[in-house]
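Please keep both open as you go through the points.

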Amino acid sequence: MRNRHQRRVIVGFLAAPLILYTVFVASPYVQAFYIAITDWRGLSAEFDVIGLANFAELFGDPVFWKALGNNLILLITLPLVTIGLALFLAFMLNAAGGPRSGEIRGVRGATFYRVVFFFPYVLSIAIIGVLWMNIYNPINGLLNGGLRAIGLGHVQPSWLGDERLAFWAVLAVLVWNGVGFYVVLFTAGLKAIPASLLEAAVLDGASRSQVFFRITVPLIWENIRTAAVYLGIAALDAFAIVQIMTGGGPNDSTQVGSFYLYQNAFSYGRFGYASAMGVVLFVVTLALSAFTLRATRRERIEF
Amino acid sequence: MHDRPSQPQPTRRSVLAFLALSPVAGALAAGCATSGGKQAPAASPTGRAVAGNPFGVAAGTPVEVVLFDGGYGQAYIKLPVELYQKKHPKTEVKQTSTQQIQQTLQPRFVAGNPPDVVNNSGSNAIDYGALVGDKALLSLAPLLDAPSWSDPAVPVRDTLRPGVVEVGTHDGQFVVLNYSYGAYGAWYSASLFEEKGWTYPQTWDDYLGLCDKMATAGIAPWTYPGQFPYYMFWWLASMIYKVAGKEVIDKINNFEKDAWTDERAVAALKAFEAIPTNGWVLKGSSGLNHTDAQMQFLQGKAGFVPGGSWLEKEMGDSVPAGFDMSICRVPSITDADDRPFGALCAKAGEPYIVPRDAANSAGGLEFLRAMLSNEGGSNFIAQAGALSSNRNATLPADAKHGLVSINDALKEAGDNIFGLTVDTRNSRLWNDIAKVMGRFMNGDVKADQLAKEAQRLTDAARN
């Protein structure tokens, strides 16, 4: 009797989210798989099933490969740079201060820096895009203005207009945007490390870098792993910044999968082709995430 | 599809769960957008066609008009609404506007209840290839043959400027009415020329000489919006038209063989190649957007900027007083140019369509007829600051310098006018060729490579 009542409650609670999830998340995915084998242009309910032709075209589409390649470079560089920088900053803010009265503490002004680093994360991505577009403006921008001010008037790169620079300029913005959040995340992890462990290490004569690599990093490994997964997702997406700042240009040098998909669907009216792209990206994402979770699995350290 | 940042990373387990769900989801999907066949279009409630009411608009049937909320503003639509309501009293004209035409209206096209008139314009317009491919548009041929609003003795067709019908024709059917009319190419400042004692060059050699003088005077001859390289399309095509004529432009528009690689087309591109080769493009242009580039031009840092009729209005108060913006005409490039000096890229723009499935398509046609009245056209020129595709519409007394210069240039050009339709016929090809033009402006690509690559893209689009 009680058992049945319990079940009813469970079903009652689960039904609503499950139905919402099915209708708004799962069903569009399934639909995308179907649309991917059609030539749907997105306007009428009429279309033909064309089998795997979209996929065949996709594999011969150099822009798609370029976009996917950019995503992969982002996938490696974005987590690496962001986590590296965030770890460094978090360590400086929490554990790198001078050994005054034997207490582990951050550098002077740590609270202030923490707010400053977190600030970009509070801004909307659209504002960040517009802000950096102006900073990168080759003629009136802050960056080239700074170069002129320090006497480098002859070095005036066209940051977002140069095929060799644009991608890295976009990457820098993504890092700038994200790093503050991960500083806070790692700070939380660092705070959870018992001070006695660190002090013991220092007493045993460990240098700062030894403390960092031997004590700190292993003890906040779970946080780093979480950060890597989140940054991986951001790297496979990167849609908003690319759309606002470069539109994939110049000459597709900042093209990413999500934006190319969007262009095909909404600018070129090729929903079938775009869906095929979505399916391929889905598979790639799935494979990569499975790989990431497996590759970063480690023994959990209890403390 | 994969652009939601908050989307949880799927794991092996969640995928299995997801696959287990799919039959349910599939059944649900069947009820969604991609299901079912096409419903038959609802019959338009029409009355009898009589004199003064050529499409047989039924009294009291509302008309829905969706305007693009762009550079031309919305004020100009008020007069046609009034005209319509005066002729058809007690009829509601529901007029809304949006910048997101595609996002707002696409679901309504799919559902079979689109508005009666759509101003399908802007960067979020619905792709014309898709609209035509899906036969979603009503033929506007009856509009051409209907008596014009202002003079019933003259059919609407004869009130239109050259090329309006051609540009609006897709797959042999006139389906898009472009309401504005503009010239494209590049701009210069007549007052700057006067101040420096320069005259507008008649030949390409003089043009290059002028660029040299500009560079010496510390003014970069050209700038362009590197973030939107398609701005170069119209000027480069104008040069091709000047040398090679209509035949080659038609080939370009129709995705034919030997269009860009026609030797006269290559000669025109080669002539322009001197600009990037001599370093006569403002440094940093490749990283500018259109307003940045236009500001450089208005501040006198660059002599020429690509663009069209809209530029003067777009820059508004940023145009310095007495700047005297004027449209460029292509100088004579070879001794045997196909077209005379003054040939111009001009085209009707600001597209209006009547969806095939519109509930009141007769009302839609009638509304377009009201828009094309002489009052409607002159009102558009005054309100929107652009010419109208009605050739009888008049300029207001306080028309700006750029607008007057276009009007004069159109008169001078006469029939030596061409338009490009690559953008509306295949927006992807347009973008892809524009990317190469961007590289051409950077100096990364030479004229013959540009021609070859543009031809390769064109060939691929044809097949």
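Gln74(B) counts as partly exposed because its relative accessibility is 30%; buried means under 20% relative accessible area, exposed over 50%, and partly exposed in between (1.4 Å probe, protein chains only). This is a predicted model, in which local features need pLDDT of at least 70 and side-chain atom pairs count only at pLDDT 80 or more, while totals for chains, interfaces and linings use all residues. Residues are numbered from 1 along each chain as its sequence is written, chains are lettered from A and ligands numbered from 1 in the order in which they are written, and side-chain values use heavy atoms, with hydrogens and water left out.

**Around Gln74(B)**
- You will find Gln74(B) in the loop between β1 (63–68) and α2 (78–87) of chain B; helices (H or I, at least four residues) and strands (E, at least two) are DSSP runs, numbered from the N terminus.
- Setting aside neighbours within four places in sequence, Gln74(B) contacts Leu67(B), Asp69(B), Gln95(B) and Ser97(B), where contact means heavy atoms within 4.5 Å.
- Gln74(B) and Phe380(B) are 306 residues apart along the chain, with 9.9 Å between their C-alpha atoms.

**Around Thr424(B)**
- Helix α17 (residues 422–425) of chain B holds Thr424(B).
- Beyond residues up to four places away in sequence, Thr424(B) touches Tyr128(B), Gly129(B) and His170(B).
- Between the C-alpha atoms of Thr424(B) and Asp127(B) there are 7.4 Å, although 297 residues separate the two along the chain.

**Chain B as a whole**
- Chain B has 19 helices and 12 strands.
- Of its 463 residues, 57% count as buried.
- Among contacts in chain B with a separation of 6 or more, 75% link residues 24 or more positions apart.

**Confidence in chain B**
- The mean pLDDT (the predictor's confidence in each residue, from 0 to 100) of chain B is 87, and 90% of its residues reach 70 or more.

**Chain A**
- Domain 1 (1–26) and domain 2 (36–295) make up the domain assignment of chain A, with bounds from an automatic or database domain assignment.
- The C-alpha centres of domain 1 of chain A and domain 2 of chain A are 37 Å apart.
- Ile76(A) is in helix α3 (residues 62–95) of chain A, and counts as exposed because its relative accessibility is 56%.
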